[in-house]
Every structure is written in structure tokens, then in C-alpha cells.
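Hi everyone, thanks for making time for this. Please bring up the chain on your screens, and we'll walk through it together.

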Amino acid sequence: ATAAGVIVSFLILGGVLLGLRQAGVAIGWGIQFQQPVFLTIAALAIALFGLVMLDLVRLPVPGFAQRWSMGRTGLMGDFIAGAMATILATPCSAPFVGTAIAFALTASASGMMIIFTAMGIGLALPWLMIAVFPKTAQLLPKPGAWFVTLKRLLAAGLFATSAWLASVLFTVVMGQSAVNDGWRDWQPSLAENLAQQGQVVFVDVTADWCLTCKANKALVLNTEAMGEEFAAYNTVMLKADWTAPDDRITAFLASHDRYGIPFNIVYGPGAPSGVVLPELLTASMVKDALAKAGAKVN
């Protein structure tokens, strides 16, 4: 049931994106996190799950669900769990499925749905493996007193997730987050124009709901060593905040065959068209891109 929830959710997600594409609407991966209604419902639902995990709230199981599950487990609940896993995974899955997403969103309708089905099966594979080989479930630890502690830890994680979604909701409702720490606000064609003037420009397309973006900043972009590299090339730092819907940023991503974030590109006299970086950054990748973009053109 959980695997079915994952796969059906991917099919629905693919269908919705296909419909939006057919209607001429700009689309991208994880765009549901830009919508206040989704963020509100998700934050409240996850907080409720946390209360249930602590046994502070008990949700009654409808009679039809009890009959469907033969009195042993709530299959509807398992199905919903699979759906939630799919919906909440999209901001963090872009680095791993970026190529597939880019191909899917530009493919034919049938090709797009085939790719989304394959991705659904991939995410559902752990549950499918246990369904096909039930004995593997015996490898899981047995219930005991440790499970009470685990439930509390999981509940804390759920509350933290709910609080994070609430903070993203606040940013979306109030407007884009402030640009600071030496970053300038990205504008269409600004990076290309600065590169033509001989400047090295680093563009970071990010969002408050993109945890991979935050990891790239913490581990690479905001380190002291990388700051020295940026300073050595007198780099102009541009931040494109995609926390809230922005058709200009969506079009910018699409122009580079990207439909998800993080997305980073470096412009300069040596690379007027830009050097596109992988989704998961390392210091050496950024240094090499800066060197290429900063090269003098004879």
C-alpha cells in the first residue's frame, strides 16, 4: 500500500505537471513548496503526525478502513504515508533526478508519464523489496522499550519539519527572503552583461525550502576558503530566490534545461555563456569554474 501511494503520487504529479505544461504554464520540480495552501496543510498535517506519534492525539480508524485492512493495519494510512513521502521528497530529490526531470518535462506526454512511473517505482523499491521478499522484514529490530525513545525522536523530527514548513510559508507570504552577506539580487541578463564587461559572476538559484541548497552553502559556498576564492576573482555574487513563484527564474532555469534547484552557474570573460555546475557542489568544482570564467580572452 505504501509503494502504491508512492507510485500513484508520481503519476498524479506527472499528470499535473503535464497539464500545466499543456496549458502553457511554466513548471519546475518542487513548485508545490511555493504555494501557501500546500505549505499550510503540510505543516499542520505533519504537526498532527507528531502529536499522534507521542500518543497525545488518537485518530479514529473508519470502519471501511478497518474492514479493508482485515483488522490488522490501516492500508489507507500506509497509502497516504507513501504519498507524503513523495510530496515532501521533491525539494531534496532534484540533485539525483535532475537529468530525468529535465528530459521528462521536455518529452512527449507518453514519455513524460513513463519517466514519472519509473521514478515512482524507484522510490517505492524498498517497500516493494519487502513485499516480494517478506522474510527481509525479520531483519528489522524487535519492538521494545527502545521504541518509546525512537517515537519521541521521530516526533521531534516531525515538529522540526512542521516548524521549517511554517518558516517557508512565512517567507512565501511576506515575499522573498532578503539578499545579504555580499549577495546581490539576480535580474534577467544581469550576469551576462556583467561578464561582457569583464566581471566574473556567480549565480546561485536557491530557495528556503531547498535543503540541498542550504547544504551547498554551509559546506562550500559560505566557507572562508571559498570566500577567498571569490575575492581573488572579484566575483559578483547574484542570488536568484525561487522560494516564491517567479516566472523569470523558472524561464532562466529552463533556458539551461533545468527544472529544479539547486542551480549554480559562473559567467566571466572566459565563459560568456556560463559554466554550469552540478547540483551537489564541491570546492574544487567551484574553483575550476571560477578559473575558467576568469580566464582572459585574447
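**A walk through the chain**

Let's start in a loop: Asp257 is found between H10 and S4, where helices (H or I, at least four residues) and strands (E, at least two) are DSSP runs, numbered from the N terminus. Asp257 has a positive phi of about 60 degrees although it is not a glycine. For background, most residues other than glycine have a negative phi, and most peptide bonds are trans. That loop between helix H10 (247-255) and S4 also holds Pro262, and a cis peptide bond, with omega about 10 degrees, joins Ile261 and Pro262.

Before we go on, a word on what you are looking at. This is a predicted model, in which local features need pLDDT of at least 70 and side-chain atom pairs count only at pLDDT 80 or more, while totals for chains, interfaces and linings use all residues. Residues are numbered from 1 along each chain as its sequence is written, and side-chain values use heavy atoms, leaving out hydrogens and water.

Now the overall picture. The protein chain has 11 helices and five strands. Of its 298 residues, 40% are buried, meaning under 20% relative accessible area, with exposed being over 50% and partly exposed in between (1.4 Å probe, protein chains only).

Next, the sheet. It is open, with five strands in the order S1-S3-S2-S4-S5 and mixed pairing; two strands pair if DSSP finds at least two bridges between them. Which strands stand at the edges? They are S1 (184-185) and S5 (271-276), each with a single partner strand, so one side of each has no neighbour in the sheet.

Further in, S2 (residues 201-206) and S3 (residues 236-241) pair in the parallel sense over six bridges. Asp204 has Lys239 in S3 as its bridge partner. S4 and S5, on the other hand, run antiparallel and are joined by three bridges. A hairpin connects S4 to S5 through two residues, and Val266 stands opposite Val275 in S5.

Two helices lie across these strands. Helix H8 (residues 211-221) lies across S2 and S4 (263-268), running at about 145 degrees to S2. Helix H11 (residues 283-293) lies across S2, S4 and S5, at about 30 degrees to S4. For those angles, axes are lines fitted to C-alpha atoms, for helices over the stretch in contact, and angles run from 0 to 180 degrees between N-to-C directions.

Please find Gln34 next, in the loop between helix H1 (2-22) and helix H2 (36-53). Is Gln34 buried or exposed? It is buried, with a relative accessible area of 5%. Leaving aside residues up to four places away in sequence, Gln34 touches Val172, Trp209, Trp242, Thr243, Ala244 and Pro245, where contact means heavy atoms within 4.5 Å. A polar atom of the Gln34 side chain lies 2.9 Å from the backbone oxygen of Trp242.

Last stop, helix H5 (residues 109-132). A kink of about 60 degrees lies at Leu125, shortly before the proline Pro126; the bend at a residue is the angle between axes fitted to the seven residues ending there and the seven starting there. Among the buried residues of H5 are Met112, Ile115, Phe116 and Met119. An α-helix has 3.6 residues a turn, so residues three or four places apart point the same way.

Conventions: A polar contact is a pair of N or O atoms within 3.5 Å; within protein, one must be able to donate a hydrogen and the other to accept it, and residues adjacent in sequence count only if both atoms are side-chain atoms.
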